[in-house]
Amino acid sequence: MNDHLQMPRIIAVDLDGTILTRDKQVSPRTLSALKSCQLQGIRLAFVTGRAYGRAREFMERIEPDAAVLSYGAHVMAGGETIYRRYISAAVGNSILREIKNATWIRYQTEGGECFTDREEAGSLPLERDSVIEQRLDHICAWGLPAEQALSVSRRVRCSLTQLCASDWCNFAAYGCSKEKGLRRLMNYWGLPPLPGILIAIAVCTVLGIDSIIIVTDSGISGLGLCDRTIEYCKAAGVKVVFYDKVVPNPTIDNVEEVRRLYLENNCQALVGFGGGSSMDCAKGAAVRIARPSKSIDKLEGVLKVHKKLPTLIAVP
């Protein structure tokens, strides 16, 4: 693994929950850091669930070298599309029939039009009994049981590219995911793929860390995405404490449970694995570990910690 701890050749970042602030802006500091990397010859790629239309504003402003969009169904490099897949109309209709019990549904067509059965600026009304005739970019559902979402993806043969417990999920064309989209991009550029967790373990090895806590949610855990991670860690001699109870928009209870497990097991690093909620929870726990006498409420804001945080690694 040490062979890979050289100057990085690509930085792949998500938008929401990563480089975008809460008000969906890019801070001057973040923008400067990304531009600095590009000036050093490091390629910058966005890896996001957003479709091109919703990501275009940030692509035009930041000018990444590439973008993996729509959960890997759309890959662009140098301003050109190098890979594109859609949900067929037949599969789209099958998915919509299977998820009628969802609280809220939204889908985007091949032409970029959004349909939803909830009031949303810029979207058209969705009739659940209507038959679609266009290919779809993606289908989102809120309030659908996680087990049902998994069952639908297997039965209809599509990709379940996002699953936040029973809060919301996203369906895309079969064979698509952010990870696969990034692999396609790296292959296009002739770069060898390297799982993010291997980089994390390599960092732990260099820093002499032999005990970590992995922070994730039940959706990621239920898909078995953490199994190989734990195997990698054990093979590298890194003890793993596993926490998979993070909820969307993590609670203070989530943060405190992770903090308690970290301290009880003498962990030396936190690994936020998965989406923004898992990473936010790991960050919150790191802050509470650094400032045990202050509550999260008192630590809200800018420049409130003033202490060195424990090692924190994010694996999107």
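This is a predicted model: local features need pLDDT of at least 70, side-chain atom pairs count only at pLDDT 80 or more; totals for chains, interfaces and linings use all residues.
Helices, as the term is used here, are DSSP runs of H or I with at least four residues, numbered from the N terminus.

Helix α3 covers residues 52-62, and Ala-55, Phe-58, Met-59 and Ile-62 are its buried positions. Viewed down the axis of α3, these buried residues fall within an arc of 105°, so they line one face of the helix. Gly-53, Glu-57 and Glu-60 lie on the other side of α3 and are exposed. After α3 comes Glu-63, which has a positive phi near 55°.

Helix α10 comprises the 13 residues 252-264; at 1.5 Å a residue the helix should span 18 Å, and its end C-alpha atoms are 18 Å apart, which agrees. Buried in α10 are Asn-254, Val-255, Val-258, Arg-259, Leu-261 and Tyr-262. These residues cover an arc of only 165° around the axis, which puts them on the same side of α10. Asp-253 and Glu-264, on the other side of α10, are exposed. Asn-266 follows α10 and has a positive phi, near 50°.

| Helix | Following residue | Phi |
|---|---|---|
| α3 | Glu-63 | positive, near 55° |
| α10 | Asn-266 | positive, near 50° |

Definitions and conventions: Residues are numbered from 1 along each chain as its sequence is written. Side-chain values use heavy atoms; hydrogens and water are left out. Buried means under 20% relative accessible area, exposed over 50%, partly exposed in between (1.4 Å probe, protein chains only). Helices (H or I, at least four residues) and strands (E, at least two) are DSSP runs, numbered from the N terminus. The arc is that of the directions from the helix axis to the C-beta atoms. The expected span of a helix is 1.5 Å times one less than its number of residues.
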